[in-house]
Amino acid sequence: MRKALSILLTAAMATSMLAACGSSTPTATQAPAETKAAETQATTAAEAVAEVTEAAKDAAADGETITVGFAQVGHESDWRTASTNSVQSALSKENGIDLQFVDCDNDSAAQLEAVRNFIQQGVDYIVIDPIVSTGWDTVLTEADDAGIPVIVIDRTIDDSDKYVSWVGSEFTNEGLAAGAWLKAYVADKGISEVNALVISGTTGSSAQIGRSDGFDKYVEAEKWNKIDEQTGDFTQEGGQKVMESYLKSYNGQFNVVVCQNDNEAFGAIDAMKAAGVSYGVDGDVIVISFDACTAGLQKVLAGEINADFQCNPLQGPDCLNIIKKLEAGETVDQKTFMAEPWYVAEDKLTDITYTNNSGKEVTEPLVVVDQAVVDAAY
Ligand code: AHR
């Protein structure tokens, strides 16, 4: 029963994705043969959805458990722990789901193997948080051929469209917002030169690519001096090591450090503290971070991190919702963006205006962190 349901879902998924890409909607300029093919696809989709609904009803009546394989990135950060907890509590036994969880320990080969194992096991759905954004098309084709719908969360897959839905963050906007905030902050403080060091995340992850791209737009436009950018792999240890090496090479030459997640910021702060470098609101070095986990916001409240751009890890409920909709034969959104506020330590700037990754000028509030904000964090 579950297998048959998966195959039907994939038929519906393929057709709805084609429709979303504009390939299956007949237009005035389409040749008759194409129009016919599109009509056939639409009929097939409608039939598939109807069959899926029936199959889902049968499955529910049978009280069957839905098996989901989740190939998680690893356990490198506070953010990741929150993400794992969110998915595990949403895709739970109480919600009718048997979750097979694999921690891929930031190893792309292990992640591909985990997905292949899920395909072999014949799970009903696969959830992937992709460590890197490329190298996915072959294994996703295998999942598609096996009739197993794939849901992508958090980071994006950029070389394949063989998944039903993605829910995550607009990483480029996070980087753009950080740049826009720094521009406004240095103007307000009368700081004329920006000499920045960047501690980036896992190279090739969409979180790293987007945050670097977004911030670099400001580096270029404002003619800031980006002294160096090296990866700390989204870990505290990595952030500390990179900062220790930066301090050997550039001590006294930088006034901004951009850490692409909170754990890297914790490591960088420890290294600056040990070297006697002052940082944060009352210091010589402005600290920018991403994630805004509880410990990160505690450091914003303490004035050790100047600004923290949230990356929201609570994708479990959306994931469950997508599965429920697919089970009910409903169509799902191809993309869902998480809501993400921007947090600051000082109250002088109330908002930032910037052109976002969709080319739209937006004005977004800056939230000054107090104890209530920390208490409400993930
Ligand atoms: O993909 C999200 C990023 O990965 C988060 O910023 C980071 O903390 C995590 O490791």
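The model is a predicted one. The space that the ligand takes is the largest cavity.

**Residues of the shell**
- The residues around the ligand are E76, S77, W79, R80, D154, R155, A207, R211, F234, N261 and D291.

- In the side chain of E76, an N or O atom lies 2.4 Å from an oxygen atom of the ligand.
- R211 places a polar side-chain atom 2.9 Å from a ligand oxygen atom.
- For N261, the distance from an N or O atom of the side chain to an oxygen atom of the ligand is 2.9 Å.

**Origin of the shell within the fold**
- Two helices, α3 (78-90) and α7 (206-221), each contribute at least two residues to the shell around the ligand.
- Domain 1 (2-169 + 313-338) provides at least three residues of the shell, and domain 2 (171-311 + 347-376) likewise provides at least three.
- The ligand shell thus draws on both of these domains.

Notes
Residues are numbered from 1 along each chain as its sequence is written. This is a predicted model: local features need pLDDT of at least 70, side-chain atom pairs count only at pLDDT 80 or more; totals for chains, interfaces and linings use all residues. Side-chain values use heavy atoms; hydrogens and water are left out. A residue is near a molecule or strand if one of its heavy atoms lies within 4 Å of it. A polar contact is a pair of N or O atoms within 3.5 Å; within protein, one must be able to donate a hydrogen and the other to accept it, and residues adjacent in sequence count only if both atoms are side-chain atoms. On a 1 Å grid over the protein atoms alone, a cavity is a set of points where a 1.4 Å probe fits but cannot get out, and a pocket is an open set with protein on both sides within 12 Å along at least five of seven lines; lining residues have an atom within 4 Å of a point. A molecule sits in a cavity or pocket if more than half of its atoms lie within 2 Å of its grid points. Helices (H or I, at least four residues) and strands (E, at least two) are DSSP runs, numbered from the N terminus. Domain bounds come from an automatic or database domain assignment.
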